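Trainee: Please take me through one part of this structure closely. I am new to it and would like a connected account.

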Amino acid sequence: MPSLEEEISSRRTFAIISHPDAGKTTLTEKLLLYTGTIQSAGSVKGKASAKHAVSDWMDIEKARGISVTSSVLQFTYEGHCVNILDTPGHQDFSEDTYRTLMAADSAVMVIDGAKGVEAQTVKLFKVCALRGIPIFTFVNKLDHETRDPFELMEEIENVLGIGTYPMNWPIGNGRTFRGVFDRASRHVLAFEGDGRANATKRVAEVEAELGDAALDELIGEENHRTLMDDIELLDGADHEFDLEAVRTGKLTPVFFGSALTNFGVEPFLRDFLRLSPAPGPHTDSLTGDPVEATDPDFSGFVFKIQANMDKNHRDRIAFLRICSGKFVRGMDAFHVQGDRKIKLATGTAMMADDRATVDEACAGDIVGLFDPGIFSIGDTLCKVGRRVQFAGIPTFAPEHFARIEQVDTLKRKQFVKGMEELAQEGAIQIFREYGAGMERVIVGVVGTLQFEVLEQRLKSEYHVEVYRSPLPYNLIRWIDEKDGEVDMRSLNLTRETLRVEDMRGGKLLLFTSPWNLNWAEEHNPDLHLSEFGNVTF
Ligand code: G4P
């Protein structure tokens, strides 16, 4: 039996971040295939997969065939226990996608080699950067024509502001693509793909020195020449590989490959497991002291709440990231924000869309807890007799705004109750115009599907029908009042800028364009604006 410390140090808990269609699902699937977790492609949330049917807890899901909330996949590989936190990225992109990143110890950023750094990647990257977690880059779709690798690296550095270190380097491009050169072993990994997405085929690793005539045959004379020039340039210009910089999120190791054809996936996985961190300490915000993952006393925080999995019950599932010690189903724990002892009735691990009950889990793992409505996002649970409190989950900037009003004005009470409860659960964010009451309520969401979820839930759970009028705003900023209170009325703003307040009395501004945001910053030199609300770390 491995010790608790061994169990924890074998954990790797990460999220994959990418823009839709960059290849996140394909890469996840290939990781699971390599590790023997699944036997056939198409099992992981594949668009054509019938697995969606399992989570039919909401009509929208059924109608659209997408999963509204994200899940966790766990597998073991070469002595590691790996947790992949799924971050929904298509239509179901929501605040939960961001919140999930709060539970990850590292991130894998998948970039489409032909497209480079895209909008959603930037947004997700910012959240990872806020926490300073290590980020590993997988440049995907090398079997197709891609952009110049030097240009891609420069784009990552300039757009995201993180240093890059290529772990391998592509040879050729598009039709001339022959493989990658592994910089540490100085070996060529030859691409034998024929374009088919063969699930289990492994690629050949060929020992060949740069300059060796045999390489001409393998990768072509011209490719060989270019590769030698590229590597000389990289070796000359590049800094040394710096693990500390990787661990603090300042440098991203970059891998080139093709998830569809399996090329470069396995070497990536091996290096990722070698370089990525096991669960580390989390700071107790009450004392400022670190709580080590290997601390035998159980602790964790709720990062996501998923409502009404089962339509017949009003229960919710609270997703808990275990920060230290061990979880045992049925154990007693102290709910810090509720200031009371509770029994952790159900532990649920997520494997694709199937729910399975877990009896034990340790630091680094995610468990779904039965929640009768007592938890809020960011709450801490710990061993009875101890009191630690982890920093809450920040509030992320919504990008879509609408005014929501109830159709039947007599249902005012249910409407307000529903809106407040759903906002408190984290399904939506609500704001009111500065100085106005709840009659001028504005809802902000990260992904537009959240509006539909809101309407559906108000109708089915609170029996309230609503009108939704879209608003032209798409940018929101929290006003930082750390250096003193800001007088909202005296701010010099454009006419298109709206002053609002959130539920906690936080002050915010809504903008219709970056131009209006720049105006506000330029004309109010003392104004400090933040993309994240309630950041305490
Ligand atoms: P996502 O989860 O990031 O949204 O991307 P996903 O894996 O679903 O991939 C998006 C599309 O890109 C899919 O094609 C997928 O087959 C393709 N793809 C992923 N990795 C590679 C790669 O390494 N090379 C190439 N050439 N294509 C890749 P699709 O036609 O949209 O879907 P499907 O019908 O193939 O599932």
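Mentor: Helix α10 (residues 265-275) lies across β1, β2, β3 (80-85), β4, β5 and β11, and α10 runs at about 175° to β5. Angles run from 0 to 180 degrees between N-to-C directions, with axes as lines fitted to C-alpha atoms, for helices over the stretch in contact. Helices (H or I, at least four residues) and strands (E, at least two) are DSSP runs, numbered from the N terminus. The model is predicted, so local features need pLDDT of at least 70 and side-chain atom pairs count only at pLDDT 80 or more, while totals for chains, interfaces and linings use all residues. Residues are numbered from 1 along each chain as its sequence is written, and side-chain values use heavy atoms, with hydrogens and water left out.

Now the sheet itself. Its 7 strands form an open sheet with mixed pairing, in the order β2-β3-β1-β4-β5-β11-β6; two strands pair if DSSP finds at least two bridges between them. β2 (72-77) and β6 (163-166) are at the edges with a single partner strand each, so one side of each has no neighbour in the sheet. On average, neighbouring strands of this sheet are turned by 30° against each other, direction ignored.

Helix α5 (residues 119-131) also packs on the sheet, where α5 touches β1 (11-18), β4 (106-112) and β5 (135-140). The direction of α5 makes about 145° with that of β1. Contact here means heavy atoms within 4.5 Å.

Pro166 stands opposite Val254 in β11.
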